[in-house]
Every structure is written in structure tokens, then in C-alpha cells.
Amino acid sequence: MIPADIQLGLPLPEQLQGYRIWDSYFTPAYSHPGPDGSSELFTDIERSLPAIRKGQFEKLCYFPHVGTGTTNDAEYEALARSSPEMILKPLKRWPDLLLGMIQLNPHNVPASLDAINRWLRDGPMLGVYFPGGGPGAMTCTHPNFNPLVVRLAELNGVIMQHTWFKTGGKQGPGESTPAELAELSARYPQQKFVCAHGGGEWERGIRAVRNSPNILVETSGFDATAGFIEMAVRELGAERIMFGSHLPSRSLGTELGKVIGADISERDKKLILGENFRNLLRPILKTTE
Amino acid sequence: MMHRRQVLSLGISTGIAFALLPTTARSADDAQPRFRIIDTNISLFRWPFRRLPLDDPDALVKQLRSLGIAQAWAGSFEGILQRDIAGVNQRLADACRNRAELIAVGSINPELPDWENDLRRCTEEHNMPGIRLHPNYHGYTLEDPGFNRLVELATSAGRFIQIAAAMEDTRTQHALVQVPDVNFAPLVKLMKVMSGARVQILNHNLRPPLLLQLGETPGVFFDTARVDGTDGVPQLVQSVPPGRVMFGSHAPFLIPEAALIRVHESGILEEASLWTVLSENAGQLFGNTAV
């Protein structure tokens, strides 16, 4: 017996394959891909591969830094702007596994618009990620988001916003809460938004976005607290929940466990683990075909 | 149904033939491991701030059984905030008595008057093999004299001590009940003068250098319930001497599947190491406890 064959706590591989898992929140080298632009990213992806295989994932979506000022490394930022081939390395190394949504810096609207055109209009990226920390973090109710959302809507880009409700309040001025994302989403009712981490403190997070039908909730980024998925399905419907793994800094156990261990129907698990993300990506995948 | 003592003896025996079944060419009914997993960290009854899907003991035991967990060491959520600790422990003992998989681990709050009597009841009346402490919820540190005295008495009674580093991420706690994680630095010094003491740290997220210092301290053990990252458990196992890490799920607050998957998902731990974490090491903590 080799450890890769051990399946304790997991459904059988064929059942996992049946879920057709598409991970919307894969975070290798999340803060910085390494000084050469890819080494730490590659290391973290390879570190995640045993879990990816064990979970029978079909696709994972990560968030590359493309030079809009989302890291504190000026040298890397310049390299990212001048060497698009560097950004593409992971997608070329794992073409059947990886999808990408670029990290944006709403403090710099012109650079972010350029990046949207460069990476979404011209491909191959499928959406954007607004971080909750680092130099690119900005509370999502800020007017700077408006031109970015308008352009993203034109391109059918997916919008993922990092959110947390933290006991004791925000730990950084650029953080966003689910309530703030609900405020932004109300300005653009035709555009879908993804509330990453369900707000962390999900009992408040789910309530905050309940009346915003254009917001989906992403499931990763906090302990495998029991009852989260059940409440989200009850209050939002399974169609508004999207699986994320947060690998490798979180784990297959924590993140997949939330869904497979939930007392919900198999149909709902299938929606959450892949179908909803595929549906969200369908418009932009169509335009890039 | 297997009697608790039989389960226990199976759990702590070394060299038991076991196999983790391959996942190919088998049915879901075959999906159980052939060895007995011991979960050193579960709790019974209601979490004070939320209903949990498995907060009924029967439902919890059924789920643990379905995951191949043969034995679970159960504390009580009631012991966190309630002050009638004797009543808390009585209910826990009653709930575990007729459920063969459950081993009751009583709560003690050394900030309460006459806590020694609660400890005596745990050991003499309920015959519990260990006790569980919540210093952060009960308002004391590991430097307090009452804690030292408690470790001394529990050790002289042959009992192990579990200390919950946390019950919940500080970022998600109720605004009116904000509780920092326990500081374990004083334990390094204390354990040097507490010969024979066995202390397991639950729900921790310890990092070097304190993790390494605690690992070098004889008698200190660790559970896996909140050790996250795809290779977090193997890293913990490799950071401390053999025998110190044992499986714990923190169910039903956390989903038990999560902790089980995390032990093996990276493929780093060899089969023998998995066995020690999932079962054998719990025997070392249990030691020669006469229950």
C-alpha cells in the first residue's frame, strides 16, 4: 500500500470524478511567485499535486500577479509588465489543469484597465481577483472599482473579491466585507460577483449577501466549521456556492471536507464543487473560443 | 457491540496487523480501514454559539463509526462556560457510559472554588483517564499556581491532561466572548519539574520556535485538529520526536472528514507513520492509566 492510495475520509475516486471538481480558489505562492517570476509558484503547485490528484480535481484557478502593483517588489512588477511569457509559464506547464484570473490593483485604475485588456480581452485569463491584503487591497465600495467593473462586464470577466468579517474589525484598511461587496454588486445587478471565503465569519457573511442574487459565495479560507455549507444552501441555494481549495496553505481535508461532509444532496455537491464555476465561466469561455 | 475496554486495548496495542485498503476495485462498503482509528479530540453536547449538525451524541458516534473511528476521547462543550462542573462531568460520564466508542474526559476549572473535588469525582467516581482544560475561557495562564497544582494532582492520580489551545478561530468568535489562544510558553518550564506528567495540546496552530521547544519537552503531545496546509500534519510529525502527534478532529465543531483527509493527503507520511498518528501514539498518552 502506498500513501497515495489511501482514501480515509474521502469518497471513492469514481465518486469524486463524478463531481467534476473545478477549484475556483487555488493559491500557490499567493503573495509572490518568486524573484524569477515562477519558481515559488511552481514549487507550491507541485507541493499541491498529491492532494489535487487525490481529490480528482479537473481544474484549478489561480491568481497571477501581472504587474499592476499587487506585490511590494518593484523589480518583480517591472518584470511582470515586460515579460508576459513569464506570466504564462504555469499555464503552459499545466495546460489541462490550470485556469487563471489576474490580481488587480484598484489603486491604479489605468494599469488595471490595461491589464484587463491585455489578459482578458486578448486571453487567456478568465477574470480578476481583488485581494484583501498587500498593496493592491482597496475596500470594494471605492469609486475606483466602477470603471473596472464596467470593463469586466463588457468582457464577461469573472470578479472574485476577497472578503472577511473579522471579530474586532478589519485588520487592514484595504479589506472588504461581504456587506461592502453587496453594496458594490447593487450598482451592477447584471454582473456576477464572487464573495471569497463567504466572509470568513460565514453566519454574518451569508446574511450580508443573501439579498444580492448576483453574488456567489466561495467556500475556502477558514476552518472546516460544521454547518457552513448547510446554512449557505438553505439561505442562498446551492447555485450560489462555489468550491475553493486554498491549496496549499489550506488543505484538501479542510476545504473539500466542508462540502463532502455537509448534509446536503449529491446534486447540490455537484453544483458547488464544479458546475457553478463552469456556469460562471461559460460566457467568457465562449468569447475566447 | 465491542466493550470499551476491548476497543481501548486494541487501540493501544502495538504491532497489530492492519491495512489501509486500496481505493481501487472495491465497493463503498469496503471503504473502512482494517485498523482502529482513535480520535483524541471530540466534544459532546451543544456548542454555545451555534447548533452543529452532529451535536447529538448518537449522530456523532454514527458518523465517527462510518469514518472508521473506533474510539473517541470526548470532552464537553458545557465545560467551557458552565460553572457547575460536577454536573457537566456527570452528564458527560452518563453519555459515554453506554456508547462503547466514547471515552469521557472531564472538564476542570481551577479558578472555581473546590475544583479539587471535581477532579476527585472525575478520577474516583467516573474513572476518567484524563481531564480537559480551557485556560483561556476560564481565565488563567499556565503560570498560575492553581494550574501547577492541578497538573500535579492529575499526574499523581495517573491521569493525562488535555489543554485546548483554542476552540475557535479568534477572527470568528462572538463579539462578546473574544478569547485569545492559550500561551504555551510556560509549559516548557513547568514540565521539567512535573515528572511523569502527560499533557496533550489540542486545536493548536503552534509554530517554531515554541513548537520545537515543546516538542523537546518530555510528556508534551499534540493533536492534529487545526493543523492546516496540505502538508501541515507531516511537517508537525517531522518537527517533534516520534510518538508525540496523535489524530484529533475537534468534531463536531469541525467536520471530522477534514481532519482525517489532512493526515494522508500529501502522501508524505509512510503507512507506518500514518498508523502511529491515527492510532498507536494515543496509547502513549493513555500510558498506564488504570481505568
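Visitor: In which loop of chain A does A:Pro248 lie?

Guide: A:Pro248 sits in the loop between strand E9 (241–242) and H10 of chain A. The model is predicted: local features need pLDDT of at least 70, side-chain atom pairs count only at pLDDT 80 or more, and totals for chains, interfaces and linings use all residues. Residues are numbered from 1 along each chain as its sequence is written, while chains are lettered from A and ligands numbered from 1 in the order in which they are written.

Visitor: What is omega for the cis peptide bond that joins A:Leu247 and A:Pro248?

Guide: Omega is about 0° there. A:Pro124 is in the loop between H5 and E5 of chain A. For background, most peptide bonds are trans, and most residues other than glycine have a negative phi.

Visitor: Why is A:Arg20 called partly exposed?

Guide: The class follows from a count of other C-beta atoms, placed from the backbone, within 10 Å of the residue's own: 20 or more is buried, 12 or fewer is exposed, and anything in between is partly exposed. A:Arg20 has 16, so it is partly exposed.

Visitor: What makes A:Asn156 buried?

Guide: A:Asn156 has 20 other C-beta atoms within 10 Å, and so it is buried. Its phi is near 60°, again positive in a residue other than glycine. A:Asn156 is in the loop between H6 and E6 of chain A.

Visitor: How do you know that the buried residues of H6(A) line one face of the helix?

Guide: The buried residues of helix H6 (residues 145–154) of chain A are A:Phe145, A:Leu148, A:Val149 and A:Leu152. The arc is taken over the directions from the helix axis to the C-beta atoms. Down the axis of H6(A) the buried residues fall within 95°, so they line one face.

Visitor: What puts the buried residues of H5(B) on the same side?

Guide: In helix H5 (residues 115–125) of chain B, B:Asp118, B:Leu119, B:Cys122 and B:Thr123 are buried. They cover an arc of only 125° around the axis, which puts them on the same side of H5(B). On the other side, B:Asn117 and B:Glu124 are exposed. Just after H5(B), B:Asn127 takes a positive phi of about 55°.

Visitor: Why is one side of E1(B) and of E3(B) left without a neighbour in the sheet?

Guide: The open sheet of chain B has three strands in the order E1-E2-E3, with parallel pairing. Strand E1 (37–44) and strand E3 (102–104) of chain B stand at the edges with a single partner strand each, so one side of each has no neighbour in the sheet. From one strand to the next the twist averages 30°.

Visitor: How many bridges does E1(B) form with E2(B)?

Guide: Strands count as paired if DSSP finds at least two bridges between them. E1(B) and strand E2 (residues 69–76) of chain B have six, in the parallel sense. B:Ser43 stands opposite B:Gly75 in E2(B).

Visitor: How many residues of chain B are in contact with chain A?

Guide: The number is 44, against 42 residues of chain A; contact requires C-beta atoms, placed from the backbone, within 7 Å. H11(B) gives the most to that side of chain B, with seven residues.

Visitor: At what angle do the axes of H10(A) and H11(B) cross?

Guide: The axes of helix H10 (residues 252–260) of chain A and H11(B) cross at roughly 145° and come within 7 Å. Axes are lines fitted to C-alpha atoms, for helices over the stretch in contact, and angles run from 0 to 180 degrees between N-to-C directions. Residues that meet there include A:Leu252 and A:Ile260 in H10(A), and B:Glu257 and B:Arg262 in H11(B).

Conventions
Contact = placed C-beta atoms within 7 Å. Helix = DSSP H or I, 4+ residues; strand = E, 2+ residues; numbered from the N terminus.
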